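Good morning, and thank you for coming.

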Amino acid sequence: IASLVMYLFAEFDDAANLLAANPDATTISIDEPTEIPKKQHSRLQEPGREEDDELLGTDDSDKTELLAGQKKSAPFWTFEYYQTFFDVDTYQVLDRIKGSVFPVPGKNFVRLYIRSNPDLYGPFWICATLVFTIAVSGNLSNFFIHLGKPTYHYVPEFRKVSIAATTIYAYAWLVPLALWGFLMWRNSKVMNIVSYSFLEIVCVYGYSLFIYIPTAILWIIPEKVVRWVLVMFSLCLSGSVLVMTFWPAVRDDNRRIALATVGTIVVLHALLAVGCLAYFFDAPELDYPAPIIPAHNVSTVITKSR
Amino acid sequence: FAGLADVSISEDIPVEGEITVPVGSHSPDEDYSTLDEPVKDTIMRDLKAVGKKFVHVMYPKKSSALLRDWDLWGPLVLCVSLALMLQGGSADSKDDGGPQFAEVFVIIWFGAVVITLNSKLLGGTISFFQSLCVLGYCVLPLTVAMLVCRLVLLAGSGTVSFIIRLIVVIAMFAWSTLASTAFLADSQPPNRKALVVYPIFLFYFVISWMILTFTPQ
C-alpha cells in the first residue's frame, strides 16, 4: 500500500505542476481541482489515515469542509496567495458596482455580492479612477470658471494628483483598518452574530466609493446648488450601503456604541466628499474684481471672494 | 562493436584524412559568439530590433515575434523623450505647474508595472517583461502626439491650436490603447478581458491628459 500511496502522491504532484503552469485552466471549473493538489502538497509531510481516505475518494465531507473554510491555503509569500484576491470575472465586478450604487433596502452588500470572495481589484482600481477623475474634473472646472478673465493663465495643477491619491488611498485603507480593529475589539467583549474579515471591509469601502466617480464628473458644472445636491445624493446612496452593511455587525452591542460607530462611518464618508469638493473645485464666483479698482474697495472685494 | 574486431586494412592503402570538423561560414555556432564582432554590428542589431518594434506598434498586427524578443530600450527612449518634452511648461508657482520629469517617469514605469501585475494576478499568461515591453512601446503614438503639440504651440496657442491638439491627442490615445490591447488582450482568459483592458485605458488617458494640458510659458 505504501508504494501505491507514493505513486498517487507523485501523480497529484504532477497535476499540481500542470495546474500551476496553466492557471487560466482553473477559471472555468469550480474550486475542487485546484484545492485537491494543494491539499495533497501541503500534507505531504504528515501522512495519516485521512490521506488514504481522500486518495481513495471515499471521504467527501472532509473535502467540502476544507473547501468552504480554507479557500486561501497558499502561504503568503507566494504569488498564488495574492491571485486568490483577484479571482473575479468581469460580470462579478460589474454586479458589485451595481450593488453599491443601487442599495437594496434590507440586503447586506457583503452577504449578497461578496459572499466570501472579497477581491482587491475593485477597491484598487476604483480608487485609482477616483483619484484621476477628481484631479482632472477639478482642473477642468477651474478652467471653465476662470475662462475669459483677463488675469487668468491656465495651469495644469499636477501637484493635486499626489494629494488626491494620498487622501483617497488613505481613506480606503486606513479607515477599514481602524473599523476592523474596533469591531474585533467589540467582538471580544460582546458576541456578535455577524463579523467581517478585514478584506471584506476594504471591499465594501472600495466599492462604495464608486458613486463619487460620476459625481466628480458632474461637479464640473459651476453651480453651487447643483454641487451640493450631488453631494447629498451620492452621500445618501453610498452611506446607506455602508450603514446597511455595518449595522448588523454592531446592533447586538451597547446601543450607544452601535449608534456612535455607524455615525462615525457616515461622518467620515461625508467629510471625504465635502473635503474633495472644497479643495479641488474652486467656488464658482459671480463676479471677479476688475483689474483697476479704487484702493478703498480692495479689502471688501477680497473678503467677498473667499 | 565486437563485429569490427576483424576488419583489417591492407598496408598499401594509405589512410589519410582530416580530424578537424570543417566549420562553414554559415554555421550556427558563429552566432553564439558575438564577442568578436565589430561594435557597429552589435549596436545596429539592437537598433534594428527596436526599429522593427516601432513599426509593429504603428501598424499593429498580431505577431508573436514582438512578444518573444522583448527589450526595454524602446520604452526607455520613449519615456525619457516624453518626459523631456513635457518640461518647460508654465509654472506661476512651483505648486501649480505641469508634471516634473520624475513624476512623468514614475507614472509611466510604475503605471506599467501595476498594470502588468494586475494582468498577471487576474490569471494572464504573458510574462512580466513582455507586458512591460508592450506597454512601453505603445507610448510611441503619444510621444508623436507630444511632438506635434509642441510644434503647433510654436505657431500659436489660441482656440484653433487647442482644437488641433485635442484631435491629435485623442487620435493617438485611441491608437495607443488599441495597439496595446491587440497585443495584450489575447493572453487573458475571455471572461476577464475587460478587467485587464480598463487599466490600460486609464493609463494612456492619464498620459494623454498630461500631454493635452501642457502649456508653454
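In this predicted model, 35 residues of chain B are in contact with 27 residues of chain A, where contact means heavy atoms within 4.5 Å. B:Leu121, B:Leu195 and B:Trp209 together supply 21% of the area that chain B buries against chain A, more than any other three residues. The area buried between the two chains is about 3,000 Å², and carbon and sulfur atoms give 64% of that; buried area here is the accessible area, taken with a 1.4 Å probe, that two parts lose on being put together, summed over both.

The rule finds three salt bridges across the interface of chain B and chain A, a salt bridge being a side-chain nitrogen of Lys or Arg within 4 Å of a carboxyl oxygen of Asp or Glu. One of them joins A:Arg159 to B:Glu103, with the closest N and O atoms 2.9 Å apart.

Which elements give two or more residues to the side of chain B that touches chain A? They are helix H5 (101-121) and H9 of chain B, helices being DSSP runs of H or I with at least four residues, and strands runs of E with at least two, numbered from the N terminus. H9(B) gives the most, with 10 residues. By class, this side of chain B has 17 nonpolar, 10 polar and eight charged residues. In that count Ala, Val, Leu, Ile, Met, Phe, Trp, Tyr, Cys and Pro are nonpolar, Asp, Glu, Lys and Arg are charged, and the others, Gly among them, are polar.

Is B:Thr213 buried or exposed? B:Thr213 counts as buried because its relative accessibility is 6%; buried means under 20% relative accessible area, exposed over 50%, and partly exposed in between, with a 1.4 Å probe and protein chains only. Leaving aside residues up to four places away in sequence, B:Thr213 touches A:Asn139, A:Tyr154 and A:Pro156.

For chain B there is also a record to consider. An unreviewed UniProt entry places the feature "transmembrane region" at residues 70-89, 101-122, 134-156, 162-184 and 196-215; positions follow the numbering used here, feature names are shortened, and annotations may be inferred rather than shown by experiment. Residues 162-184 of chain B are 100% helix and 0% strand, with the end C-alpha atoms 32 Å apart. For residues 196-215 of chain B, the span is 85% helix and 0% strand, and the end C-alpha atoms lie 32 Å apart.

I now move to chain A. Its secondary structure comes to 14 helices and zero strands, and buried residues make up 41% of its 306 residues. Of the contacts in chain A with a separation of 6 or more, 75% are between residues 24 or more positions apart.

Helix H10 (residues 198-208) of chain A is mostly covered, with 10 of its 11 residues buried. Among the buried residues of H10(A) are A:Glu200, A:Cys203 and A:Tyr207. The buried residues of H10(A) pack against several helices of chain A, including H8 (121-146) and H9 (159-189).

A:Ser141 sits in helix H8 of chain A. Because its relative accessibility is 0%, A:Ser141 counts as buried. Residues up to four places away in sequence excluded, A:Ser141 touches A:Trp219, A:Ile220, A:Arg227 and A:Phe281.

Residues are numbered from 1 along each chain as its sequence is written, and chains are lettered from A and ligands numbered from 1 in the order in which they are written. Local features need pLDDT of at least 70, side-chain atom pairs count only at pLDDT 80 or more, totals for chains, interfaces and linings use all residues, and side-chain values use heavy atoms, with hydrogens and water left out.
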